[in-house]
Amino acid sequence: MADAQDEDKDADEDGKKKGSKAVLLLGLAIGFIGAGGGFYAAYSGYIPSGTNPDDGRFEAKEHQAGDMPDVRFVPVEPIVVQLRVDGQDRHLRFRAQLEVPTEFEGDVTRFLPRITDVINGYLRALDYTDISDAAALVRIRGHILRRIKAVIGQGRVNDLLIVEFAVI
């Protein structure tokens with residue numbers, strides 16, 4: 001009787017071992033198929049990566065004289081804010097211009113005091129550590145532009161061009 005139980009036990013262990021190997025092989029097969037499909041989708045352009053220089057999105061376009069956008073540049077008054085750097089008082093000098101579609105130049109000019117206030121409030125909240133890294137200017141520009149668009153409305157300001165950004 002003990003021999004019959006040992007045979008059943010061996011059969012169960014062999015069955016479990018065979019089953020676990022099958023699950024492992026099935027998982028590996030699904031993984032390889034998924035990896036291959038992902039590679040194919042990325043390589044063929046079904047998943048945009050934004051780094052493929054061969055697609056036409058990154059080619060420079062030649063502009064004709066009439067192709068230039070109809071914009072104006074509205075200067076923002078220079079702003080100087082105080083920064084505390086290593087126990088010393090330093091100052092951040094900021095000058096910028098707003099790229100504005102021609103039809104909205106009057107609206108933006110009329111709201112310049114409000115725009116200056118928004119920029120001033122944002123710059124005063126900055127710490128020296130906020131402006132010391134390499135990507136700071138890009139980040140700050142994006143934050144200020146988003147605040148300006150919230151004040152003036154979408155579509156009235158295309159871009160913010162930072163003319164001067166210096167710690168003095």
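This is a dialogue on how to read some features of a predicted model.

Trainee: What should I know about the numbering and the model before I start?

Mentor: Residues are numbered from 1 along each chain as its sequence is written. The model is predicted, so local features need pLDDT of at least 70, side-chain atom pairs count only at pLDDT 80 or more, totals for chains, interfaces and linings use all residues, and side-chain values use heavy atoms, with hydrogens and water left out.

Trainee: How many helices and strands does the protein chain have?

Mentor: Helices (H or I, at least four residues) and strands (E, at least two) are DSSP runs, numbered from the N terminus. The protein chain has five helices and three strands. Read from the N terminus, their order is α-β-β-α-α-α-α-β.

Trainee: What share of the residues counts as buried?

Mentor: Buried means under 20% relative accessible area, exposed over 50%, and partly exposed in between (1.4 Å probe, protein chains only). Of the 168 residues of the protein chain, 20% count as buried.

Trainee: Which residues make the nonpolar surface patch?

Mentor: A patch takes residues with over 30% relative accessible area and no salt bridge; like charges are joined within 9 Å, nonpolar side chains (Val, Leu, Ile, Met, Phe, Trp, Tyr) within 5 Å. Areas come from the Shrake-Rupley method with a 1.4 Å probe, and for residues only the protein chains shown count as cover. Here Leu24, Leu25, Leu28 and Phe32 make a nonpolar patch of about 470 Å². Leu28 belongs to helix H1 (residues 2–44) and is partly exposed, at 44% relative accessible area.

Trainee: How many aromatic pairs are there?

Mentor: Rings of Phe, Tyr and Trp (its six-membered ring) pair if their centres lie within 6.5 Å; planes under 30 degrees apart are stacked, over 60 edge-to-face, and the rest tilted. The count is one aromatic pair. Phe94 and Phe165 have ring centres 6.3 Å apart and planes at 85 degrees, so the pair is edge-to-face. Because Phe94 lies in strand S2 (residues 88–101) and Phe165 in strand S3 (residues 159–167), the pair ties together parts 71 residues apart in sequence. Phe94 is buried, with a relative accessible area of 0%, while Phe165 is partly exposed at 23%.

Trainee: How many salt bridges does the search of the whole structure find?

Mentor: Side chains of opposite charge can pair when their charged atoms come close. A salt bridge is a side-chain nitrogen of Lys or Arg within 4 Å of a carboxyl oxygen of Asp or Glu. The search finds eight salt bridges. One of them joins Arg93 to Glu164, with the closest N and O atoms 3.1 Å apart. Arg93 is in strand S2 and Glu164 in strand S3, so this pair also links parts 71 residues apart in sequence. Another joins Arg110 to Asp107, again with a closest N to O distance of 3.1 Å. Arg110 and Asp107 are three residues apart in helix H2, about one helical turn. Salt bridges that share partners also join Asp70, Arg72 and Glu105 into one network.

Trainee: Which residues is Asp159 in contact with, beyond its neighbours within four places in sequence?

Mentor: Contact means heavy atoms within 4.5 Å. Asp159, in strand S3, is in contact with Gln97, Leu98, Glu99, Arg141 and Leu145, leaving aside neighbours within four places in sequence. A polar contact is a pair of N or O atoms within 3.5 Å; within protein, one must be able to donate a hydrogen and the other to accept it, and residues adjacent in sequence count only if both atoms are side-chain atoms. The side chains of Asp159 and Arg141 make such a polar contact, at 2.6 Å.
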